[in-house]
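Work through the exercises below with the model open. Try each task before reading its solution.

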Amino acid sequence: MATTRTVKSMIEIRPETSGFGAEITGVDLTTDVPNGVFVEIRTAIIRHKVLAFRNQNLDDAGHYAFAQRFGPLEGHINRSTRLDAMPTLQVFGNVDAKGEITGVHPEKGTLVWHSDKSYITTPSLFTILRSPSVARRGGDTLFADMARAYQSLPPGRVENLANLRAVHDWKRSREKSHERPATAQEIADAPPVDHPLIRTHPETGEQSIYIGNHASHILNWDVGDGEALLLELEQHATQVQFIYRHIWQDNDVLMWDNRCTMHCVTTYDAAKERRVVHRAVVKGDRPY
Ligand code: OGA
Ligand code: MN
């Protein structure tokens, strides 16, 4: 007689006690994750905003295969960091092609709070990161819960922000983070765009403050006044109660929803520590 066996999902989702971020175990991302498990992961990322998968042994092909299940991937505007063999994957770190430490902190824009690619019309949805070389000290990735930050704005503040739009600009963002200037190609690929300062999550309906280093000023406002407002909101949103700190372990995979979070990496000793990240980014939609 034929028997039906139900394979029970072993996935374990452990939410951070703060209510922001979750750790996932019991899933092997190197295998073809069954659809039911994939749906659990998709549900978890919407609910927890940041997911840390421990003990994964992904290579670039596995990383790509997992990431593209969430939707089409996008190459980075900074073409020099694209992986030759797989241009939608990106690599940066302080280790050169020969395996030597460069001593230079790469992509300084990652050291300041931002939401990925907010400087394009359809900013990134999910970013999926792994770190084949993990710094032993520093190099933590910090996240701010921008929905919770929005919800805890002082009464009366929300109404003032409701109809404002922020201008996001890759060129200006590079200047602010003291990176090499944007190239003519990059400026052509990513001219300034404006997005609502408060955006609505298309899947949860939650509202979030949508800012970060790529946001340069407020549309139709005096530039200085806009910068001051953006700074005030960033200081509010990055208070400790809104933060999840990811301390990397070998073989972690970290994933986040850019629509309702900001992130940055903490400094590390780029002359001594080796830190390399590989990333895949899922294309998003136009914020509203
Ligand atoms: C990114 C990023 C942070 C890190 O990949 O988008 O900002 O921890 N990285 O390297
Ligand atoms: Mn980033």
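**Exercise 1: a metal site**

At 5% relative accessibility, D116 counts as buried (buried means under 20% relative accessible area, exposed over 50%, partly exposed in between; 1.4 Å probe, protein chains only). The model is predicted: local features need pLDDT of at least 70, side-chain atom pairs count only at pLDDT 80 or more, and totals for chains, interfaces and linings use all residues. Residues are numbered from 1 along each chain as written, chains are lettered from A and ligands numbered from 1 in written order, and side-chain values use heavy atoms, without hydrogens and water.

Task: find which residues coordinate the manganese ion (ligand 2).

Solution. 
- Step 1. List the donors: H114 (NE2), D116 (OD) and H263 (NE2), at 2.1 to 2.2 Å. Donors are N, O and S atoms within 2.8 Å of the metal (3.2 Å for Na, K and Ca); water is not among the atoms, so sites may look incomplete.
- Step 2. Read the spacing: H-x1-D-x146-H.
- Step 3. D116 sits in the loop between β4 and β5 and H263 in strand β14 (residues 261-265), so they tie together parts 147 residues apart in sequence. Strands (E, at least two residues) are DSSP runs, numbered from the N terminus.
- Step 4. Check H263: buried, at 5% relative accessible area.

**Exercise 2: the sheet**

Task: give the order of the 7 strands in the open sheet.

Solution. 
- Step 1. The order is β1-β2-β3-β13-β5-β15-β4, with mixed pairing. Two strands pair if DSSP finds at least two bridges between them.
- Step 2. Find the edges. β1 (12-15) and β4 (89-93) each have a single partner strand, so one side of each lacks a neighbour in the sheet.
- Step 3. Inspect one pair. β5 (residues 126-133) and β13 (residues 253-257) run antiparallel, joined by 5 bridges. L129 has L254 in β13 as its bridge partner.

Terms used. Helix = DSSP H or I, 4+ residues; strand = E, 2+ residues; numbered from the N terminus.
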